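Here is a short briefing on a protein structure. Keep the sequence and the 3D view open as you read.

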Amino acid sequence: MSCDAYQEMVSVYIDYELDDESARTLFGHLSACAGCRQFLQKSLHFRTVASLLPDPGVPPSLDRRALAIPHATPKKGRSFIAAFWRRWRERIAVPLPAAALAITLLLLSTAVAILRTAGPGQAATPEPRVVYVMQLSPIEVHPNPSQ
Amino acid sequence: MNLKEESDARCLEALRRGEKGAFNVLYHRYRLQLYRFALRFLSSPSSAEDAVHETFLKLYRSVESLDRADSLRHWLFRVLRNEALMVIRRRHQSEVADEENLWVSEDPSTALEGKESEEIIQTALHLLKPEYREVILLREFEHLSYGEIAVVTESSVSSVKSRLIKARRALALRVVPLFEERKRV
């Protein structure tokens, strides 16, 4: 594996998203590779400095403007149609087809189970078949037709 | 009912019922993280303020049609990120021909010389292309998981991973040495 691939693992590792097995492989490489070790150190150094940055204060003008929103803004989609579409999406569009699919699957699996239990070994006695037999009158056959 | 203790979903329900106090609760719950992200993304207090204001305006206007399955935090960050990208597009910052280069300017080191750590980070972030800046901000400052960043940036987890690695390499190469230099001085 190349150092690029190991550095990708470093990035995933410092985000706590690397599995234990891969982490063992990564640390095996880090013990031998100064370049990748340096990348790990620098990435952690950036994180440390970033975490020490003070939070910016939210400007009072933003508070004033934002808190005035409910008093000065009409709600979009408050109409009957918007509410209907939301209810349609949340209560009908997904739940109903999902329920229908579940019922269909249940019926299908029941049908398959019934067919399997009535397999060839336990098949019901076949219906008697009606066979028509024609009675033919005997025909004389001569070995040599010219005679 | 004390809405401050209630979940986002309950507050949204209250807001749908017309309780304006629910909006105040949600605003105070998210204003700092959204403003912090906007400020670091846009490097301009006035643009950040406008973007956050627009985000809350959209929340109020579309509270009726908001999908209940969606996390409000992700929704707010997604809307804010789109607002911020519109600001950047208007500034024409993203028009950089060189796709391989992660930096907006040619040589970030020159722009970063002689600055304090906070300024170095802010300037370096400002110089990173928006697609790399957003993942670093969401991961390092807002502590979102890869999956959450993918939801906010409307991309895949593998794209998030790949952009994070590239951004970290760029920062490790150009920015971290400046902190180290500062420590030695």
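Rings of Phe, Tyr and Trp count as a pair if their centres lie within 6.5 Å. By that rule, Phe23(B), Tyr27(B), Phe56(B) and Tyr60(B) form one aromatic cluster. Bear in mind that this is a predicted model.

**Chain B as a whole**

- Chain B has ten helices and zero strands.
- Read from the N terminus, the order of its elements is α-α-α-α-α-α-α-α-α-α.
- Chain B has 185 residues, and 54% of them count as buried.
- Take the contacts in chain B between residues at least 6 apart in sequence: 64% of these join residues at least 24 apart.

**Aromatic pairs**

- How many aromatic pairs does the structure hold over all chains? There are six.
- One of them joins Phe23(B) and Tyr60(B), with ring centres 5.6 Å apart. Their planes meet at 85 degrees, so this pair is edge-to-face. The cut-off for that label is over 60 degrees.
- The pair of Phe23(B) and Tyr60(B) links distant parts of the chain. Phe23(B) sits in helix α2 of chain B, and Tyr60(B) sits in helix α3 (residues 45–61) of chain B. The two are 37 residues apart.
- Are these two residues buried or exposed? Phe23(B) is buried, at 0% relative accessibility. Tyr60(B) is buried as well, at 5%.
- Phe37(B) and Phe41(B) also pair, with ring centres 5.4 Å apart. Their planes are at 35 degrees, so this pair is tilted.
- Both Phe37(B) and Phe41(B) belong to helix α2 of chain B. They are four residues apart, which is about one turn of the helix.
- Phe37(B) has a relative accessible area of 1%, so it counts as buried. Phe41(B) is buried too, at 0%.

- Ser43(B) follows α2(B). Its phi is positive, near 55 degrees.

**Positive phi in two loops**

- Tyr16(A) is not a glycine, yet its phi is positive, about 60 degrees.
- Look for Tyr16(A) in the loop between α1 (3–14) and α2 (20–30) of chain A.
- Tyr16(A) has 68% relative accessibility, so it counts as exposed. The cut-off for exposed is over 50%.
- Glu154(B) is also a residue other than glycine with a positive phi, near 50 degrees.
- Glu154(B) lies in the loop between α8 (146–152) and α9 (157–174) of chain B.
- Glu154(B) has a relative accessible area of 54%, so it is exposed.

**A nonpolar patch on chain A**

- Which residues make the nonpolar surface patch? They are Ile81(A), Phe84(A), Trp85(A), Trp88(A), Ile92(A) and Leu96(A).
- The patch covers about 610 Å².
- Helix α6 (residues 80–93) of chain A gives the largest share of the patch, five residues.
- Ile92(A) is in helix α6 of chain A. Its relative accessible area is 31%, so it counts as partly exposed.

Key
Residues numbered from 1 in each chain as written. Chains lettered and ligands numbered in written order. Predicted model: local features only at pLDDT ≥ 70, side-chain atom pairs only at ≥ 80, totals over all residues. Heavy atoms only, no water. Buried < 20%, exposed > 50% of the residue type's maximum accessible area, 1.4 Å probe, protein only. Patch = residues over 30% accessible without salt bridge, like charges linked within 9 Å, V, L, I, M, F, W, Y side chains within 5 Å. Areas by Shrake-Rupley, 256 points an atom, 1.4 Å probe, with all protein chains shown as cover. Salt bridge = Lys/Arg side-chain N within 4 Å of Asp/Glu carboxyl O. Phe/Tyr/Trp six-rings, centres within 6.5 Å; stacked < 30°, edge-to-face > 60°. Contact = heavy atoms within 4.5 Å.
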